[in-house]
Amino acid sequence: MSYLLSLIVKSAKIYPCTLPIVPVLRQVQVIVRNPAFVLKPATPNFSKHNLNFCTRAYDVSTNVSKDVILYKYENPRFFKVLNFFGISQFIFWTYLSHFAFTSLRDAPVEQKEDIAWYERINLGENKYRNGISIMCFVIGYGLLFTVWMFTLRSVRFLILRKGGKEVSIVSYGPFGYNRIMDVPLKHVSAQRSREAAAVLLPLKVRNRSFFFVLDMRGEFKNARLYDYTVGLNRRF
């Protein structure tokens, strides 16, 4: 207080002032003594409208009271066409394999120097006939296997079961029916996040061969719940 008064007196001596000093001193005393003018530290507002910053991003309740659909992808026509293609290719290549095995005859070729190399091949010889037959069958079976495995691993629905401990993976079937598999949630691991996946999002299920795939053209019905249940990357 004395330091403040001395500064005022000095300023009055240096700069001539027409106002009386006493009223000024009284105003200073009022300002200093009045508690309304005392600076107070700012306190955070903890009202119910400003509590969002206290909510952590991973505070998501996975203990659902009923079954919840996490993901849905409806495209049965595509898989019908795909399986028709796979079956037709298997039939074609199997017939070609049977035709090669039964129709190719052993026809020895005269070894002449002026004929091309492919004219010297005797397709009826056992090694060529059997090789062509096996190759055609493998191609047909490989196409059918690829189509069926892709169909069986294409997810149609992801359903989080009541309680949040299990998830049902509903995939397409080769002949139009759905294939349902219930697995514990801790045995499912997403290999990518939804933001990083461009076309397909692979899911790994413990003790299962190959990946289940989510087509990104599908709809995530509950994206936030998916991210903190099935969408987590787990190590088995």
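The legends below describe close-up views of a predicted model.

**Figure 1. Ser88 in helix α3.** Ser88 lies in helix α3, which spans residues 76-103. With a relative accessible area of 28%, Ser88 is partly exposed, since that class lies between the limits of 20% and 50%. The C-alpha atom of Ser88 is separated by 9.0 Å from that of Gly140, a residue 52 positions away along the chain.

**Figure 2. The two segments annotated as transmembrane.** An unreviewed UniProt entry carries the annotation "transmembrane region" for residues 81-101 and 132-152. In the model, residues 81-101 are 100% helix and 0% strand. The C-alpha atoms at the ends of segment 81-101 are 30 Å apart. For residues 132-152 the content is 100% helix and 0% strand, and the end C-alpha atoms of segment 132-152 are 30 Å apart. The annotation comes from the UniProt record, and such annotations may be inferred rather than shown by experiment.

Figure 3. Strand β3 runs over residues 166-172 and contains Ser168. The relative accessibility of Ser168 is 0%, so Ser168 counts as buried, the limit being under 20%. The side chain of Ser168 makes a polar contact of 2.6 Å with the side chain of Arg161. Leaving aside residues up to four places away in sequence, Ser168 touches Phe157, Leu158, Ile159 and Arg161, together with Met181 and Asp182.

Figure 4. Asn207 is not a glycine, yet has a positive phi of about 65 degrees. Most residues other than glycine have a negative phi. Asn207 has a relative accessible area of 74% and is therefore exposed, a class that begins over 50%.

**Figure 5. Phe210 in the loop between β6 and β7.** Phe210 is also placed in the loop between β6 and β7. The phi of Phe210 is positive, at about 65 degrees, although this residue is not a glycine. Phe210 has a relative accessible area of 47% and is therefore partly exposed, as exposed requires over 50%.

Terms used
Residues numbered from 1 in each chain as written. Predicted model: local features only at pLDDT ≥ 70, side-chain atom pairs only at ≥ 80, totals over all residues. Heavy atoms only, no water. Helix = DSSP H or I, 4+ residues; strand = E, 2+ residues; numbered from the N terminus. Buried < 20%, exposed > 50% of the residue type's maximum accessible area, 1.4 Å probe, protein only. Polar contact = N/O pair within 3.5 Å; in protein donor to acceptor, adjacent residues only side chain to side chain. Contact = heavy atoms within 4.5 Å.
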